[in-house]
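The sequence and structure are shown first.

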Amino acid sequence: MARYSVSQIQVYIQCPLKYRFRYIDKVPTPEFIETTDTLLWTLVHESLQKLYNNINIFKIPTKEEFLHDYHCLRIKKERETAESWWEIVNHHPDLSIDDFKHRWEVYLSRYYDKHSPFDDLQVISTEKQISFQLDEWINFLWFIDRLDKLWDTFIINDYKTNKSLPTEEKD
């Protein structure tokens with residue numbers, strides 16, 4: 001039975017040949033190079049996951065606690081990538097490491113302010129894997145960042161750090 005994911009379908013839509021090289025022929029790809037954007041995504045994602053896992057057990061952190069958790073995650077990531085930290089940030093030579101640290105903190109601070117006090121939703125799950133069969137030959141695999149329930153509606157949350165949302169047609 002074939003198994004497909006959203007990522008695979010996006011690669012196919014982008015370029016069927018790229019899909020073939022990656023998923024059928026399994027051509028080796030260059031080693032992953034971490035950029036400031038991927039680092040930002042990782043830190044934001046982990047911070048939000050921790051926030052909603054806490055909310056799920058009725059332990060709603062203050063904004064200061066939330067940002068402190070982010071700082072701890074950031075410091076841990078800095079230690080893990082100590083040798084390449086400057087190379088990651090150096091993709092934008094006009095910005096310093098402190099500029100990036102501040103930007104990430106501002107994003108999370110705004111997020112907290114916008115969604116606080118977090119008492120109008122029920123977090124069902126974070127990092128949820130969903131699998132379903134389209135027919136007897138095709139199984140579809142999907143990962144969602146967070147599944148919530150608000151009254152009688154389920155809400156699927158997929159964290160993005162893009163500066164703009166995709167158009168409705170693209171979505």
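The protein chain contains six helices and four strands. The model is a predicted one. Read from the N terminus, the order of elements is β-α-α-α-α-α-α-β-β-β. The chain has 171 residues, and 31% of them are buried. When contacts between residues at least 6 apart in sequence are considered, 59% of them join residues at least 24 apart.

**The nonpolar core**

The largest nonpolar core comprises 20 residues, and the members that touch the most others are L48, L51, Y52, F66, W104 and L108. Two or more residues each are supplied by α3, α4 and α6, the elements listed in the table. Helix α3 provides the largest share, namely eight residues. In soluble globular proteins, nonpolar side chains tend to be buried together.

| Element giving two or more core residues | Residue range |
|---|---|
| α3 | residues 36-56 |
| α4 | residues 63-80 |
| α6 | residues 97-115 |

Apart from neighbours within four places in sequence, L48 is in contact with F66, L108, Y111 and Y159.

**The pairing of α3 with α6**

The axes of α3 and α6 come within 11 Å of each other and cross at roughly 35°. The crossing in which α3 passes α6 is right-handed. On the α3 side, the residues in contact are T36, D37, L39, L40, L43, V44, S47, L48, L51 and Y52. Their counterparts in α6 are F100, R103, W104, Y107, L108, Y111, Y112 and H115. Sorted by class, this contact holds 13 nonpolar, three polar and two charged residues. L48, L51, Y52, W104 and L108 take part in this contact, and these five also belong to the group that touches the most other members of the core.

The side chain of D145 makes a polar contact with the side chain of H45, at 2.7 Å. Leaving out residues up to four places away in sequence, D145 touches H45, S125, T126, E127, N157, D158 and Y159.

Terms used. Residues numbered from 1 in each chain as written. Predicted model: local features only at pLDDT ≥ 70, side-chain atom pairs only at ≥ 80, totals over all residues. Heavy atoms only, no water. Core = buried A, V, L, I, M, F, W, Y, C linked by side-chain atoms within 4.5 Å. Buried < 20%, exposed > 50% of the residue type's maximum accessible area, 1.4 Å probe, protein only. Contact = heavy atoms within 4.5 Å. Axes fitted to C-alpha atoms, helices over the stretch in contact; angles between N-to-C directions. Left-handed = near helix turned anticlockwise from the far one by under 90°. Nonpolar A, V, L, I, M, F, W, Y, C, P; charged D, E, K, R; others polar. Polar contact = N/O pair within 3.5 Å; in protein donor to acceptor, adjacent residues only side chain to side chain.
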